[in-house]
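Hi there,

Here is the structure I promised to hand over. Please have a look at it first, and then read on for my notes.

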Amino acid sequence: MTKEAKESDKFMALILEGILDPRNYSNKRWRAGIFEQIIKVILLLVSAISIITTVAIVSVMIFEASLFFQNVSIFEFLTETRWTPLYSSKHFGILPLVTGTFLVAFGAMFIALPLGLMSAIYLSEYAPDKVRQVIKPVLEVLAGIPTVVYGYFALLFISPILQSISDSVKVFNAASAAIVMGIMILPMVSSLSEDAMRAVPRSLREGAYALGATKLEVSLKIVTPAAISGIVASFILAISRAIGETMIVTVAAGQNPTFTFSPFVPIQTMTSYIVQVSLGDTPTGSIEFQTIFAVGITLFTITLTLNMISQYIVRRFRNVYD
Amino acid sequence: MQYLEKEKYQQRLAQRQRRGKIFEIMCIISITIGIGMLALLLWYVADQGLHKLDWQFLTSFPSRFPERAGIFGALLGTLYVIGTGGLIAFVLGVGTAIYLQEYANDNRLSRILQVNIANLAGVPSIVYGILGLEIFVRFAGLGRSVLAGSLTIALLILPIVIIASQEALKAVPSSIREGGFALGASKWQVVSILVIPQAFASILTGVILAVSRAIGETAPLIVMGALTFVPFAPDGFMSPFTVLPIQIFNWVSRPQHGFHEIAAAGIVVLLITLILLNSVAIYLRHKFSKNLEG
Amino acid sequence: MIDHQTIIQAKEISVHYGSKKVLDNVSFDIGENEVTAIIGPSGCGKSTLLRSFNRMNDLIPSAVVSGEIIFHGQNIYEPHLDPTEIRYQMGMVFQKPNPFPKSIYDNIAFGPKVAGFTGDMDQLVEESLQKSALWDEVKDRLKDSALALSGGQQQRLCIARALAVEPEVILMDEPCSALDPISTLAIEQLMRELKKQYSIIIVTHNMQQAARVSDKTAFFMNEGDNIGLLIEYGDTQKIFSQPEHKTTEDYITGRFG
């Protein structure tokens, strides 16, 4: 038996003894002591809810997804390039949804990464304090706008502009969603990267300046490499967010699961597929219903893996300064 | 001589400084693009929707005709679902934070709890919808009701509330606790009488920010079964419902321009609500830091 | 006593941080190929003065430097001059060793690279490490992280790093205060070697160190609200045996400070 197990056994025995002995009930001190213990147990149970949530998410997914995989082979799921569960001729390849998701996510990163990183460098190394105090909260507002609003903007403002540039751009397309999504995650990249850079001690910068380096050289060759673990972690978290994003793509990217790399045609992402099924009249227990969980578990696994990689990178590669 | 002579050095230095200036300009452009897009978006929404924003809009239910449609049902739905969900998350979240900060030892269990909470915060919101669908709607038999929606929302924002509350509790100096214990107070007395009041404004700020996030959430509620066309006011916890962002989504998805306009009007209402909530949070934060200094 | 040439002249240097004055009207000369020590109790602007020599105070937004520092016949504070060039001509070693989180090799190569060095970097790195008496200890692990070195080794690395850009003057801000006695002695020995080729200005809290190592000493004192003032400047021997001012004598004999 572990030490803690022995102690809690003793503890429970004491409590039971106490509860069974009526003389204790008039003892104020004993009552107060029990009260304290009860509070602690209540709080512990409340905290357990967070664990239960995780367990529930995982079990629900695994349970329903396993039902799905009784009817569809994993091989087909992972390699088939057609996703047509809602049609009469059903194919269950996840690739179109995955490529759609990554097309938009990478497109968003294409914008958010450079803009976010440069914003971070500016705020951390160049901007005077007063400027920083104003700009930082304004950028945070970008992160606070509900995604359905971004979806609206993507479909009704950005998409027509893209269409006026080129005829081959369709109304629903990955590009408008990606552009808008990029702006949405920009503050995430910017804020986390800036935190990482500000954590680099001043003494490092001074050492570099004292050697005759310019501000650009200090920022790019000393500070950024020193903060790189935090910066990379911010990129990965941003990608994870982009992959899990739902409303922008549901409104603007289309409902057409297709295995393509073109950003100008309608596609479908994992998230918008789940929304599509949820909005329809799918009978629960049917294979179409179960696709929600098959796609859901894929999405969950991808984002969880990315988040854990990001945590690992920070743990393993962060520079520890005295 | 491997090093440059003075003139060459100065030439090169001038070049290095020029590169620095160009980079600085690029950085400023990056920030401008971000802020510019924000301004553009806000302008576009206001331009498209402000003129549709009137009392009739706020008090009507959705309809087949955009001229007669309104967000009343959605507003009530948001109030009930997010309000209840926020309350539940507040109670559970603060409780968890108190346990983790004040009671738990630094052992394996509490570290697992912390990592778990951090991971939950990063789970896509739609997954919470799937969870809510299975556990609350189906398994617990609550159906596609306000209650199921509240619980789904509560779980969604729970990790945020926990993390924010923990930060608030961490910020309370240990001298306060030590003073309490020295006077012979019990753990719960110290926590409830000394620590929580000190941290309360910060906790409240965190909850308000979590709730303002929840107000904009669309996907989890769609998945767990909120309706998109609700021409009635939700009547009780077991009633079907919709929320404002879903109503907006419904209108955006329609081809008619009239619906796009009232979608914009709905967005204006949504954004104004968020601005108000966030202002309250910021005001609380300022008032609280003044209290610390004063 | 060989009369050395003057390499730097400080002329009526005053420094303010915002509205607070921290240095008042400092004027004296630094001799070439000498070690000049700046001593005095804490809070009298010694580090601030040192940082004025390579315009490091420019990095602090609220700092205002008035007066002149004459180097190579011109005032380094001329508005049209780029402080980067001055910093390139002077090396600086800080109180707490601050190696970059890079390899030993890359630490040393950084300065020369940004300055446009085109020669044999390997050779330059080796020479710099030899000059700072660190080569033998690290020659087999140049690619290792600099952060893995001990405190004394890190400081010698910082010295090597400063030497790699071939400065004329080396500014040292209490370089030994974070080090153990053995490393301290090693660095003091280094200074005696280095002064043959370079001019060294060292700020130190440690009077005995100043007496051991320097040729000239400048004694500072704070008047009133932490405003630094130069009390006396001259040959180290003289300052420590026959100081002209009573304040100097009091400090030297340990009556305060």
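Below is what I found, chain by chain, with one residue picked out at the end.

Please keep in mind that this is a predicted model.

**Chain A**

Chain A is built from helices: there are 13 of them, and 0 strands. If you want to set up a box around the C-alpha atoms of chain A, roughly 90 × 70 × 35 Å along the principal axes will describe the one they fill. Buried residues come to 48% of the 322 in this chain. As for the contacts in chain A between residues at least 6 apart in sequence, 72% of them join residues at least 24 apart.

Where the domains touch, domain 1 of chain A supplies 6 residues and domain 2 of chain A supplies 8 residues. On the domain 1 side of that contact in chain A, 4 residues are nonpolar, 1 is polar and 1 is charged.

**Chain B**

Chain B also has a helical make-up, with 11 helices and 0 strands. For the 294 residues of chain B the globule rule gives 19 Å, but the radius of gyration is 25 Å, well over that value, so this chain too is more spread out than a compact globule. The C-alpha trace of chain B spans about 85 × 65 × 40 Å along its principal axes. In chain B, 46% of the 294 residues count as buried. Of the contacts in chain B with a separation of 6 or more, 76% come from residues 24 or more positions apart.

There are two domains to look at here as well: in chain B, domain 1 runs over 2–52 and domain 2 over 58–293. How far apart are the centres of domain 1 of chain B and domain 2 of chain B? Over C-alpha atoms, 37 Å separate them. The two domains of chain B do meet, with 6 residues of domain 1 in contact with 6 residues of domain 2. The domain 1 side of this contact in chain B divides into 3 nonpolar, 2 polar and 1 charged.

**Where chains B and C touch**

The contact between these chains takes 8 residues from chain B and 9 residues from chain C. Sorted by class, the chain C side has 2 nonpolar, 4 polar and 3 charged residues.

**One residue in chain C**

Leu194(C) belongs to helix α7 of chain C, which covers residues 181–194. Is Leu194(C) buried or exposed? Leu194(C) has 22 C-beta neighbours inside 10 Å, and because the cut-off for buried is 20 or more, it counts as buried. Leaving aside neighbours within four places in sequence, Leu194(C) is in contact with Ile170(C) and Ile200(C). Ser132(C) lies 62 residues away from Leu194(C) along the chain, yet their C-alpha atoms are separated by 8.4 Å.

Best wishes

Key. Residues are numbered from 1 along each chain as its sequence is written. Chains are lettered from A and ligands numbered from 1 in the order in which they are written. This is a predicted model: local features need pLDDT of at least 70, side-chain atom pairs count only at pLDDT 80 or more; totals for chains, interfaces and linings use all residues. Helices (H or I, at least four residues) and strands (E, at least two) are DSSP runs, numbered from the N terminus. The radius of gyration is taken over C-alpha atoms; the globule rule is 2.2 Å times the number of residues to the power 0.38. A residue is buried if 20 or more other C-beta atoms lie within 10 Å of its own, exposed if 12 or fewer, and partly exposed in between; C-beta atoms are placed from the backbone. Two residues are in contact if their C-beta atoms, placed from the backbone, lie within 7 Å. Ala, Val, Leu, Ile, Met, Phe, Trp, Tyr, Cys and Pro count as nonpolar, Asp, Glu, Lys and Arg as charged, and the others, Gly among them, as polar. Domain bounds come from an automatic or database domain assignment.
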